[in-house]
Amino acid sequence: MFILFAAALFLSSHSVFGFDEFSSYRDLNIDSSVYEKKVTDALATEKTIRRSPIGSARRYAAGEKIPNAVAWKSIPDMQERFEKFRDERFMKDPSDPNNLRRISWLYPVDGCWTRAALFNRHAFREFVPIPSKVFAFGNLRVKTPNSRRGVVGWWYHVAPMVRVGSEQFVLDPSIEPTRPLPLNEWLGRMGKPERIRVAVCGSGTYSPGDNCDKESDGVEARAERTQREYLVLEKRELTALGRNTSEELGNNPPW
């Protein structure tokens, strides 16, 4: 009973971000269904009928056709853009306004929906096709050097995805900072792919309860506002890990 109460309290505390900004954090001892119910219950109170990521997600099967992501021309183009958008420093550091920060790739604990939105904003501003969004749902678990526990848990995760030729690639520096990952490999970093439910949505789909068909407006103002919270948490976590934040969050990231 206490665990269920703690989960509900954590989720409700994040409602200050907005109706459809649900934390992706999952206590590793709590099943993802507890978190999913929070979203489905909230959606049930709405009168608008829409195709949401959580409602559209289907269990993944390798080799089975899923909706195609937006296409990019080549692997070299994809790698170049991945690195450029990963490294862009454009937000003022909340504790040092003279310093600019990147998207909070080094804080995988939470905030994936804001990271994905701002990555896509970079694409919009560079006049390149804006990536689709891929949502994964389940008891997700990822090993990471960027958490004091060495592992983080999510009940959902979202990242940009593009197609090059016939293969789909996920652009997610929070899991793999050096390169885009083929979809099956990306899922495999979080668990057994066949146990994960997947939805492919539009470039502007923000979170599990949003419209899966939404395209990005190129502004993503909510994402940047929420990211400021995660910039604080990112620096706090790296400091607790004994890391050199001025280097890693500045000109010399750890990748």
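A: Strand S6 gives the most to the lining of the largest cavity, with 4 residues. The model is predicted: local features need pLDDT of at least 70, side-chain atom pairs count only at pLDDT 80 or more, and totals for chains, interfaces and linings use all residues. Residues are numbered from 1 along each chain as its sequence is written, and side-chain values use heavy atoms, with hydrogens and water left out.

Some terms come first. Strands (E, at least two residues) and helices (H or I, at least four) are DSSP runs numbered from the N terminus. A cavity is a set of points, on a 1 Å grid over the protein atoms alone, where a 1.4 Å probe fits but cannot get out, and a lining residue has an atom within 4 Å of a point. Grid points are joined across faces, edges and corners, and the volume is the space filled by probe spheres set on the points.

By this rule there are 2 cavities of 30 Å³ or more. The largest holds about 40 Å³ of space. Strand S6 (151–164) and helix H5 (112–125) each supply at least two residues of its lining. Among the lining residues are Trp-105, Cys-112, His-157 and Asp-172. The lining divides into 7 nonpolar, 2 polar and 2 charged residues. Here Ala, Val, Leu, Ile, Met, Phe, Trp, Tyr, Cys and Pro count as nonpolar, Asp, Glu, Lys and Arg as charged, and the others, Gly among them, as polar.

The second largest cavity also holds about 40 Å³. Its lining includes Arg-101, Trp-105, Glu-234 and Trp-255. That lining has 5 nonpolar, no polar and 3 charged residues.

Cys-112, from the lining of the largest cavity, counts as buried at 1% relative accessibility. Buried means under 20% relative accessible area, exposed over 50%, and partly exposed in between (1.4 Å probe, protein chains only).

Next comes strand S9. 5 of the 5 residues of S9 (residues 197–201) are buried, so the strand is largely enclosed by the rest of the structure. Arg-197, Ala-199 and Cys-201 point one way from S9, while Val-198 and Val-200 point the other way. In a regular strand the side chains alternate between the two faces of the sheet.

S9 is joined to strand S5 (residues 132–143) by 5 bridges, and the two run antiparallel. Lys-133 has Cys-201 as its bridge partner in S9. Strand S1 (residues 58–59) also runs antiparallel to S9, with 2 bridges, and Arg-59 has Arg-197 as its partner there. Two strands pair if DSSP finds at least two bridges between them.

The structure holds 1 disulfide, a disulfide being a pair of cysteine sulfur atoms within 2.5 Å. Cys-201 and Cys-212 form it, with their sulfur atoms 1.9 Å apart. The link is left-handed, with -90 degrees about the S-S bond. Cys-201 lies in S9 and Cys-212 in the loop between S9 and helix H7 (221–240), so the pair ties together parts 11 residues apart in sequence. Cys-201 is buried at 5% relative accessibility, and Cys-212 is buried at 1%. Cys-112 is in no disulfide, and the nearest cysteine sulfur, that of Cys-201, is 13 Å away.

How values were computed
1 Å grid on protein atoms, 1.4 Å probe; cavity = no way out; pocket = protein on both sides within 12 Å on 5 of 7 lines; lining within 4 Å.
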